[in-house]
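I opened the notebook to record what I looked up in this structure. The entries follow in the order in which I made them.

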Amino acid sequence: MMLSRVAERVYWMARYLERADNTARLISAHTMLLMDLPETLEFDWFTPVVIFNAEEQYTKNYPEINEENVMRFLIADRDNPSSLLGSFANVRENVRTSLDLLPEVIWEQVNQTYLQLQAALPSLSSRHSRQRVLREVMAACQRIRGVLENHLSRDHAFDFIQIGKHVERADMTSRTLEMTSLLLAEDRSHALRRYESILWASLLSALGAQQMYLRHKNSRVIARDVLEFLCQDLKFPRSLLYSLTGVNFYLARLPDPDQVRARSSRIAEQFAQQEISAIPVDQIHWFMDRLQADLTVLHGEIAHTWFYPETDFFQLQVQAQS
């Protein structure tokens, strides 16, 4: 069995890599959405901050809500641990301290991407430049994952990487899906109703799901079909149920997984049994919040079992929020 501190580093490397990728996707899709929509809707530049539950942190440091401030907070703010730069800095540090375990080319890819992102910060006020940088970050995340998938032995290091990836992906996807409560609300504005097909397509795009949705559903973009696809499609690797199932699969490969896997299985089973179309619109936000809370508890049990067996369980749950 690998050392607990090494297991923790590769687990968090995978989580921060997934967070960086999803953050870049969300910012890119949201920017394109706001550029395409001519009217004021219930969505604005502050919406991604709300998705990350970072309103309080934002308002502490930024007196105004505008495009420039929001983009600085989400991309370049070093005091925001979930910013794109912050996430990649954490990927870089965890890779740097795990070089004896990971393919050499991983460090080259991660370090180069981090330095390029740093160098690009002064140009982020330009939407064109910003979109280019975000595309480069997404491409880099795909390359790094490709190296891990094709050059890393299927040992416990690989298992912890997969667990971290799927836990973070489920958390980030659920946060993005919280905005569907606005898209489906009975009292949504006339303007939102007018452009709702564009908004649902943007949601699919933010999760890299548009092409696969159209391929498997063989239909136009229909709200409840999109929500069900992103929640429970077991063929699509970015759906919530696929990620929850993936966590359970890789937990089973670790030593002494029974207690943690029992919770993971329960989360996945309850989610699979939920009839997504039957969830009232005003409860979608609560449903996703509950899943995030379950994932926080699951992280705490993972950390308590394999990373910090002597640490108080409540402290580990708090750590999962960072």
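I began with Arg 154, which lies over the face of Phe 158 at 4.0 Å from the ring centre; a charge sits over a ring if NZ of Lys or CZ of Arg is within 6 Å of the ring centre and within 35 degrees of the ring normal. I noted that this is a predicted model, in which local features need pLDDT of at least 70 and side-chain atom pairs count only at pLDDT 80 or more, while totals for chains, interfaces and linings use all residues. Residues are numbered from 1 along each chain as its sequence is written, and side-chain values use heavy atoms, with hydrogens and water left out.

I then turned to Asp 155, placed in the loop between α7 (127-151) and α8 (156-177), where helices are DSSP runs of H or I with at least four residues, numbered from the N terminus. A polar atom of the Asp 155 side chain lies 3.2 Å from the backbone nitrogen of Ala 157.

For the aromatic rings, I found 14 pairs, counted when the centres of Phe, Tyr or Trp rings (for Trp, the six-membered ring) lie within 6.5 Å, with planes under 30 degrees apart called stacked, over 60 edge-to-face and the rest tilted. Tyr 11 and Trp 12 form an edge-to-face pair, 5.7 Å centre to centre with 85 degrees between the planes. Ring pairs also link Tyr 11 and Trp 12 with Tyr 16, Phe 160, Trp 306 and Phe 307 into a cluster.

Methods. Helices (H or I, at least four residues) and strands (E, at least two) are DSSP runs, numbered from the N terminus. A polar contact is a pair of N or O atoms within 3.5 Å; within protein, one must be able to donate a hydrogen and the other to accept it, and residues adjacent in sequence count only if both atoms are side-chain atoms.
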